There are 2 protein chains.
Amino acid sequence: MRDSFEIRAQDVAGRIGELRVPRAGVTVETPTLLPVVNPNLVTIDAARFSEFGVEMLITNSYIIKRDDDLREAALERGLHDLLDFHGAIMTDSGSFQLAEYGEIETTTEEILAFQSDIGSDVGTPVDIPTPPDVEREQAEAELETTKERLHVAEGIDTGDMLVTAPIQGSTYPDLREAAARHAYATDLDVFPVGAVVPLMNEYRYADMVEVLAAAKRGLGADAPVHLFGAGHPMMFALAVAMGADLFDSAAYAIYARDDRYMTVSGTEHLDDLEYFPCACPVCTSHDPDDVRAMDDERREGVLAEHNLWVSMAEIRRVKAAIHEGSLLELVERRARGHPRMLDGYRALLSHRDQLEASDPVSKDVFFYVSAESADRPEVARHHDRLSRFEVADDVLLTEKGGSDDFDESWRVVPPFGPFPRALSQTYPLTAELPDRMDRAGYEAAAEGVSRLVAANPDSEFTLAHDGWPESALALVPARVALVDLGSEDSNGTAPEDEQ
Amino acid sequence: MRDSFEIRAQDVAGRIGELRVPRAGVTVETPTLLPVVNPNLVTIDAARFSEFGVEMLITNSYIIKRDDDLREAALERGLHDLLDFHGAIMTDSGSFQLAEYGEIETTTEEILAFQSDIGSDVGTPVDIPTPPDVEREQAEAELETTKERLHVAEGIDTGDMLVTAPIQGSTYPDLREAAARHAYATDLDVFPVGAVVPLMNEYRYADMVEVLAAAKRGLGADAPVHLFGAGHPMMFALAVAMGADLFDSAAYAIYARDDRYMTVSGTEHLDDLEYFPCACPVCTSHDPDDVRAMDDERREGVLAEHNLWVSMAEIRRVKAAIHEGSLLELVERRARGHPRMLDGYRALLSHRDQLEASDPVSKDVFFYVSAESADRPEVARHHDRLSRFEVADDVLLTEKGGSDDFDESWRVVPPFGPFPRALSQTYPLTAELPDRMDRAGYEAAAEGVSRLVAANPDSEFTLAHDGWPESALALVPARVALVDLGSEDSNGTAPEDEQ
C-alpha cells in the first residue's frame with residue numbers, strides 16, 4: 001500500500017481519495033483540480049484560491065529557474081511565500097517546454113534538486129511527452145528515455161517532497177499499460193498520465209478514455225492518477241469514472257484571455273452570450289454586456305473567476321456523485337454535451353469488465369436514462385450472475401405476476417432480464433426505469449434470458465413479455481416458449497398479475 | 001395578433017418573448033419564473049428578488065382578501081408597496097384552495113374586482129382545476145364551468161390589468177385542446193395550463209408534455225402560455241421546448257422548509273449532501289455542514305436562496321439555448337436527470353410534426369448526442385424533403401467519395417441519409433456526429449434512402465455504406481444495390497474517397 005494515498009469511497013473506477021502531502025503538512029481530497037499558476041502572468045492571485053475551494057496548485061519550476069528574479073525570490077523565500085499560497089504545491093519540470101520547443105536546458109537531477117530547494121511539495125522529473133499518433137518506434141524510444149528519467153528520479157534524495165512518475169506511450173494502449181506497470185514498480189508517489197492535451201484540444205475523449213484505461217490496467221488501485229494538462233470541467237466526470245484523481249487547469253486563465261467562457265457542457269465565447277447560463281458569483285452579479293464593457297484586465301479576471309467557479313463546482317458535483325453512487329448518471333448527463341463526449345462515454349462502457357472490478361455491488365439507485373444505460377457494468381454483472389443460477393424444471397419468466405402452472409416463477413425486468421422474486425429489492429434490480437423503454441433495454445433483458453437458459457439446459461422456460469420488439473425476441477433462445485402479455489385481453493389466458 | 005406578447009426568437013416550440021404588462025409599466029422577458037410569495041410566510045423578501053433576476057412574481061389574492069390586516073393594507077397601499085416589489089405582479093384567485101379544500105368563499109366577479117382594487121397587474125378568474133385521471137364526465141363538466149368563468153371574466157372591466165384564461169381538461173388531450181381553442185377565442189391575455197402540479201409531483205413528465213402539446217394545438221402562436229404551478233428547474237427546458245413561456249414556483253421556498261435542495265437534474269436532501277454540487281453564491285460561501293448547523297429560519301432562508309439561484313440560472317440557460325438554437329441539446333442533457341425526464345423527452349419527440357412548425361429551418365449546429373437525436377424534427381424535415389427530390393437515372397449514394405461510374409453521386413450521412421453534395425454546408429447536414437454512431441442513426445439514414453428511392457421509381461440506386469448494421473440495411477428497399485465500403489480493402493473496388 002502506498003502510504004501517501006488512501007481511498008475513502010468508490011464508484012465505477014472513480015474514487016474519493018486522500019492524498020497526504022507531507023512537506024505541505026496537508027491532506028488533499030481527490031478528485032481535485034490544481035489551477036496552474038504562471039508566476040509571470042497571474043490572473044487570479046493564489047492567495048484567493050481558498051475562496052474557490054482550491055487545495056492544491058501547480059506551477060512550473062523551469063520557468064522560475066530560468067528567470068533571475070523569480071529564481072532568487074523562490075530560493076530565498078520559498079514557493080509558498082512567493083505565491084502566497086499555503087496549500088499543497090506541485091511543480092512541473094519543463095517537460096511541457098520540451099514538447100513545445102524541442103529542447104530545454106536542464107536535467108532531471110538538476111530540476112528535481114531545484115524543485116526541492118524552492119520548497120515544492122510534489123516534484124516532477126523531465127519526462128518525454130510523446131504526442132498522440134506518432135510512429136510506434138518513436139513512442140517506444142521516448143518511453144525508454146522517460147523510464148530512465150524515472151530511474152534517475154528514484155535515486156535522488158528529495159526529502160519529504162513527493163515525486164511524480166509520468167506515464168507516456170502516445171496512443172498505444174499496450175505501451176501506456178507497460179509504462180504504468182513500470183512506473184508503479186518505482187517508489188515514486190503520484191502518476192501523471194502525460195501528453196493528453198492534444199487529445200483534449202481535439203475533443204478526442206474516446207482516445208483519452210483508451211489511454212487512461214490502459215494506464216489504469218498497469219497501476220495498482222492505490223496509485224493516485226493525475227490526468228496531466230486536462231482542466232475542462234466538461235470531462236471531469238468521464239475521466240474520474242475511468243479512474244483519474246487529479247486534474248490541472250491552465251485553461252481557466254488561458255480561456256479567459258480569449259474571452260472564452262467554460263460550462264460543464266462546453267465552451268462559449270463571450271461575444272455570443274446574451275445571458276450568463278450560470279449561477280456563480282460572477283454570473284449572478286454581472287450580465288454579459290457588463291463584462292464586455294470592462295477593460296481587458298478586469299474582463300480577463302472575472303472570466304477566469306467564472307471558469308474557476310464552474311470547474312471547482314463540477315469537482316464537488318463529481319465527489320457528491322461518488323458518495324451517492326451516481327457517478328455514471330452524471331457521466332450520462334455530461335455525455336450529451338457534445339458528440340465526442342458521447343464517444344467518450346461509449347468508450348468507457350466498452351471497458352465495463354475493467355470497471356466492474358472497482359464498481360460497488362450495491363448503490364442507492366440505478367437510473368436508466370438512455371440506451372447506453374443498458375451497457376452499464378451492473379447489467380453485465382447481473383448477466384454473469386445468471387450463468388450461476390440453478391432453476392426448477394419448468395420456469396416462468398414474466399414481466400407481470402406469477403402462475404401456479406409452473407414450478408417456479410421469476411420476474412423479468414429490462415435491461416436486467418430475469419431474477420428470482422426474492423431479489424426484487426436488491427441493487428441494481430431496484431432501478432428506476434422509463435415507461436418508454438428502448439430496444440437496447442429489451443435486448444439486454446433478452447440477453448439475460450439467454451444466459452439463464454444456457455446455464456440450465458435441462459429446464460423448460462416460458463417467457464411472458466409485454467410487447468417486446470422483434471430485435472429483442474430474436475435474441476431469446478428458440479427453445480423458450482413465448483407469451484405476449486400485451487396481445488392477450490384482460491380476461492385472456494395470460495398468467496395473472498399477482499401484484 | 002395579441003398586443004401584449006411579442007416573440008423575439010424561436011427554437012423547437014420554445015421562444016423568447018416579451019410580455020407587456022401595462023399596469024406595471026414593464027415588459028417581462030419570457031421564458032421566466034414567477035416566485036410565489038405567500039404574504040403570511042415570507043422566505044425571501046420580494047424587495048430582494050431583483051438580485052436574483054426576477055422580473056415578475058405571483059401571490060394569492062384570495063389569501064390576502066381573507067386576512068383582515070392584509071386586505072386592508074393591500075387596499076390602502078397597493079400590492080407593490082405591500083410586497084415592496086416593483087416589477088410585474090400576477091395574482092391567483094383561490095382556485096388552488098378550491099382544489100385543495102373543495103370550496104371557497106368568493107366568485108370570479110368578486111375576486112377579479114378585488115385583484116384590480118389591490119393593484120394586481122395580471123388577474124385570474126376562479127377556474128376549476130380538474131386533477132389528472134378523473135372520469136371524462138367530470139373533466140367535461142368542470143371544463144364547462146371554467147369556460148363560463150372565462151366568459152364572466154371577459155365581461156368585467158378591470159382596466160389595464162391583464163387577465164388570465166386558464167386551460168383545464170385533466171389528462172384528456174382533446175379536452176385540453178378544445179379548452180385552449182375556447183380560451184384563445186376570448187379577449188383574455190395570458191393562458192395558464194392548469195392542474196399540472198399532481199403530474200409534476202409524480203414525475204409524470206410525459207403526461208405533462210401531452211397536456212401541454214394538446215393545449216398548444218388549440219392556441220395561436222402569439223398566446224403566452226403559463227405552466228401553472230410548475231417550478232422545478234429540472235423541467236424548464238423540456239416544458240419550454242414544448243411551448244411554455246411562464247412558470248411559477250412556490251417550490252423554491254416550500255422545498256427549503258423541508259431541507260430540500262434543488263438541482264437541474266433533481267432534488268437532494270441536505271442531510272445527504274457531503275458537498276454542494278453548485279457554484280451559486282450560497283454554495284460557494286457555505287458547505288453543507290455550515291448550513292446544517294444554522295437555526296431553522298436561517299437554514300430555510302439560505303436553501304430558498306440556493307433554490308432560487310439555480311432556478312433563475314436555468315431560465316437564463318434556456319434563453320441562451322433558444323438564442324443559440326440549441327434548446328433540444330439542453331433538453332437532451334436534462335432528459336438524463338431521471339428516467340421520467342427521458343419519458344418526457346421521448347414524448348416531446350413523438351410530437352415532432354407539431355414541433356416542426358415552429359422549429360427554425362437553420363441553426364448554428366446540430367449535436368447528435370444520443371439515439372433520441374435521430375428522432376429530432378430536423379431529421380424528419382430532411383426526410384420529407386427527400387420525397388421531393390428528382391435524381392438522375394443511375395445514382396450512387398455513398399458515405400465516402402464519388403465515382404465516375406454513375407450519373408450522379410450523393411453523400412450519405414447518418415442520421416439524415418442521402419443529400420446532394422451541394423447541400424453539405426447547410427443545416428442540419430453540418431451536424432456534429434459521434435464517431436461511434438448508434439443503430440438509431442443508421443436506421444434513420446436508411447429511412448432517408450427509402451424516401452428518396454420511393455420518390456424516384458425510375459432511377460437505379462447503389463448505396464455504398466461503411467459497415468451499417470443489419471437493422472439499418474433491412475430498411476433499405478430491396479432494389480437498392482449495396483456495397484459495403486468497410487469490407488473492401490484499400491486497393492479494392494470501392495468508389496474512391498475524393499476528399
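Tutor: Let's start with two parallel strands: strand 4 and strand 11 (residues 246–249) of chain B are joined by 4 bridges. Keep in mind that this is a predicted model.

Student: What makes strand 4 and strand 11 of chain B count as a pair?

Tutor: Pairing needs at least two bridges. Strand 4 and strand 11 of chain B have 4 bridges, so they pass the cut-off of at least two. One spot to look at is Leu33(B), which stands opposite Phe247(B) in strand 11 of chain B.

Student: How do you know that strand 4 and strand 5 of chain B pair?

Tutor: Strand 5 (residues 56–60) of chain B is linked to strand 4 of chain B by 2 bridges, in the parallel sense. The rule asks for at least two, so this counts as a pair. Here Val36(B) stands opposite Ile58(B) in strand 5 of chain B.

Student: Why is strand 4 of chain B called mostly covered?

Tutor: Count its residues: of the 6 in strand 4 (residues 32–37) of chain B, 5 are buried. To be called buried, a residue needs to have under 20% relative accessible area.

Student: Now helices. How do you know that the length of helix 7 of chain B is close to what is expected?

Tutor: Helix 7 (residues 136–155) of chain B has 20 residues, and at 1.5 Å a residue the expected span is 28 Å. From first C-alpha to last, helix 7 of chain B reaches 29 Å, which is close to that.

Student: Which residues of helix 7 of chain B are buried, and what puts them on the same side?

Tutor: The buried ones are Ala139(B), Glu142(B), Leu143(B), Thr146(B), Lys147(B), Leu150(B) and Ala153(B). They sit on the same side of helix 7 of chain B because their arc around the axis is only 155°. Handy background: an α-helix has 3.6 residues a turn, so residues three or four places apart point the same way. The cover over the buried residues of helix 7 of chain B includes helix 6 (108–117), strand 8 (162–163) and helix 8 (173–185) of chain B.

Student: Why are Glu137(B), Glu148(B), His151(B) and Gly155(B) called exposed?

Tutor: The label takes over 50% relative accessible area. These four residues of helix 7 of chain B carry it, and they're on the other side of the helix.

Student: What about helix 3 of chain B: which residues are buried there, and why are they on the same side?

Tutor: In helix 3 (residues 68–77) of chain B, the buried ones are Leu70(B), Ala73(B) and Ala74(B). Their arc around the axis is only 100°, so they share a side of helix 3 of chain B. Their cover includes helix 2 (61–66) and helix 4 (79–83) of chain B.

Student: What makes a group of residues a nonpolar core, and how many residues has the largest one?

Tutor: The members must be buried, of types such as Leu, Phe or Met, and joined through side-chain atoms within 4.5 Å. The largest such core has 115 residues, and Phe49(A), Leu227(A), Met235(A), Phe247(A) and Leu327(A) have the most contacts inside it. Helix 14 (residues 296–324) of chain A gives the most to this core: 13 residues. Apart from it lies another core of 113 residues, including Ala279(A) and Tyr252(B).

How values were computed:
Residues numbered from 1 in each chain as written. Chains lettered and ligands numbered in written order. Predicted model: local features only at pLDDT ≥ 70, side-chain atom pairs only at ≥ 80, totals over all residues. Heavy atoms only, no water. Expected span 1.5 Å × (residues − 1). Buried < 20%, exposed > 50% of the residue type's maximum accessible area, 1.4 Å probe, protein only. Arc of directions from axis to C-beta. Contact = heavy atoms within 4.5 Å.
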